[in-house]
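Dear colleague,

I am handing over the structure below, together with some notes on its charged side-chain pairs. Please read the notes alongside the coordinates.

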Amino acid sequence: MGLIQYGIEKAGIPTISITHLADLSEKVRIPRALHLRFPLGRSFGRAGEQDLQRKILLDAIYYLREMTVPETIIKLPYKWKGKHK
């Protein structure tokens, strides 16, 4: 994903990723990322959790505009509830 993001950014379009693996995202130097400690494939929470999904999307839009330092990863405060499946 990092190479794609850098290509898009080079064209003048800012990007942001949602990552579950912050260490890996740091190693590949993602331009901007939000880290969630959710199971892989559940970047926006469980199906039907519209309030949480909206919050994560609004966070992504907010941080896309506010993150000015390259290769920044922000850990979002949301917690996964229940067992990972």
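In these notes, buried means under 20% relative accessible area, exposed means over 50%, and partly exposed is anything in between (1.4 Å probe, protein chains only). This is a predicted model, in which local features need pLDDT of at least 70 and side-chain atom pairs count only at pLDDT 80 or more, while totals for chains, interfaces and linings use all residues. Residues are numbered from 1 along each chain as its sequence is written, and side-chain values use heavy atoms, with hydrogens and water left out.

Searching the whole structure gives three salt bridges, a salt bridge being a side-chain nitrogen of Lys or Arg within 4 Å of a carboxyl oxygen of Asp or Glu. Helices (H or I, at least four residues) and strands (E, at least two) are DSSP runs, numbered from the N terminus.

Glu9 and Arg32 pair through their side chains at 2.3 Å, N to O. Because Glu9 belongs to helix α1 (residues 2–10) and Arg32 to strand β2 (residues 32–37), this pair ties together parts that are 23 residues apart in sequence. Glu9 is partly exposed at 22% relative accessible area, whereas Arg32 is buried at 13%.

Arg29 and Glu71 form a salt bridge, with their closest N and O atoms 2.9 Å apart. Arg29 sits in the loop between α2 (22–27) and β2, and Glu71 in the loop between α3 (50–66) and β3 (72–79), so the pair ties together parts that are 42 residues apart in sequence.

Asp51 and Arg54, whose closest N and O atoms are 3.5 Å apart, both lie in helix α3, three residues apart, or about one turn of the helix. Asp51 is exposed at 56%, while Arg54 is partly exposed at 47%.

Best regards
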